[in-house]
Amino acid sequence: MQVKPPFCFITSLFLAISLFTPSSYAVTEWVDFELVNGHITLPVTIEGYEGRAILDTGAQGNAINQSFINRHELELDKSDKIIVRGVYGEEKRQRYSNVEVNLLGADIEMDKLASVRLGHYENALLLGGSFLRNFIFQFDYPNNRMRLFMRDEVDLAKLENIEMRMDKGTRQPIVKVKLNGEKETWLIMDTGNNGGIFLKRSTAESQGWLEEFELDKISSSGVLGSGQKDAFILPEVQFGPFTLEDVKMSVPEEGQKTNIASTSRGSMTRFKGKNVKGLLGYDVLKHFVITIDYKAGNMHVGLPEED
């Protein structure tokens, strides 16, 4: 089975979701997505079976749900094995190649899909950094839609209104926010996080927030395992030019083991000298139109246009 080269993959996907006008080839039409538990999902067909693809800016690579493989008794071509690290554990997982996928009307073959657990088998595919870096993506959360821009036609560096960086090693985007008007913090922008902001416990403790605010015990699960968290409401978070009130926050429960220093997805470590303190997810992003150049490390935060 012949694997299509990257350029063919990019071109076929872009053309498949575009209805171009004669004068513009820089942007696709809007495509509707479905929000499932705070995750951006698109319809996908894998080896002839329908499911959903999750777009996850916090994941380095692409993955396939082991439950989807088991449900449809797929016999896929094995490639290699890699260590997959999550917030609550790490495992060596099989990767598959030459997987037939139809996404947004484009027939493509995907390689090196790591086998992970993504909950229900309908969550068939996870698309991370190795997919997202091909375009500039615009996610209109309030209107449940997205579109793609060709990078050569849009200079997002001139339009960005939030400080963002990209780590070349882990391929994760980080953004600077201001918490409760008192602490500037770097967080991983993670569309795969269906909560608000997940912080290192030590960060919240140093600010006195765990004593100041009422805590609730909640459970959390990831691609590898689950854990317990303490949740609270922070009065104010500044995100780019916008200020949000009453934002959902959480920290690992005291004694809860997490891979907060070396995870490939959901890590909290140092990025080019930036001390990353946690994850920023859906409960913040849901208010905005997010335009992100995953490869270059630029982002714009805006509000949806009024009809």
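**Close-up 1. Phe131, Phe135, Phe137 and Phe139 form one aromatic cluster.** The model shown here and in the other views is predicted. In one, the ring centres of phenylalanine 137 and phenylalanine 139 are 5.7 Å apart. Their planes meet at 20 degrees, so this pair is stacked. Planes must be under 30 degrees apart for that label. Are the two residues buried or exposed? Phenylalanine 137 is buried, with a relative accessible area of 2%. Phenylalanine 139 is buried too, and its value is 2%.

**Close-up 2. Phenylalanine 242 and phenylalanine 288 make a tilted pair.** Their ring centres lie 5.0 Å apart. The planes stand at 40 degrees, so the pair counts as tilted. Which parts of the chain does the pair tie together? Phenylalanine 242 belongs to strand 20 (residues 242-252). Phenylalanine 288 sits in the loop between helix 7 (282-285) and strand 23 (289-293). The pair therefore links parts that are 46 residues apart in sequence. Phenylalanine 242 is partly exposed, at 21% relative accessible area. Buried would require under 20%. Phenylalanine 288 is buried, with 2% relative accessibility.

**Close-up 3. Four acidic residues form a negative surface patch.** The members are Glu47, Asp77, Glu100 and Asp107. Where is glutamate 47 found? This residue occupies the loop between strand 3 (39-46) and strand 4 (49-55). Its relative accessible area is 32%, so glutamate 47 is partly exposed.

Methods:
Residues are numbered from 1 along each chain as its sequence is written. This is a predicted model: local features need pLDDT of at least 70, side-chain atom pairs count only at pLDDT 80 or more; totals for chains, interfaces and linings use all residues. Side-chain values use heavy atoms; hydrogens and water are left out. Patches are made of residues with over 30% relative accessible area and no salt bridge: like charges are joined within 9 Å, nonpolar side chains (Val, Leu, Ile, Met, Phe, Trp, Tyr) within 5 Å. Accessible areas come from the Shrake-Rupley method with a 1.4 Å probe; for residues, only the protein chains shown count as cover. A salt bridge is a side-chain nitrogen of Lys or Arg within 4 Å of a carboxyl oxygen of Asp or Glu. The place of a charge is taken as NZ of Lys, CZ of Arg, CG of Asp or CD of Glu. Helices (H or I, at least four residues) and strands (E, at least two) are DSSP runs, numbered from the N terminus. Buried means under 20% relative accessible area, exposed over 50%, partly exposed in between (1.4 Å probe, protein chains only). Rings of Phe, Tyr and Trp (its six-membered ring) pair if their centres lie within 6.5 Å; planes under 30 degrees apart count as stacked, over 60 as edge-to-face and the rest as tilted.
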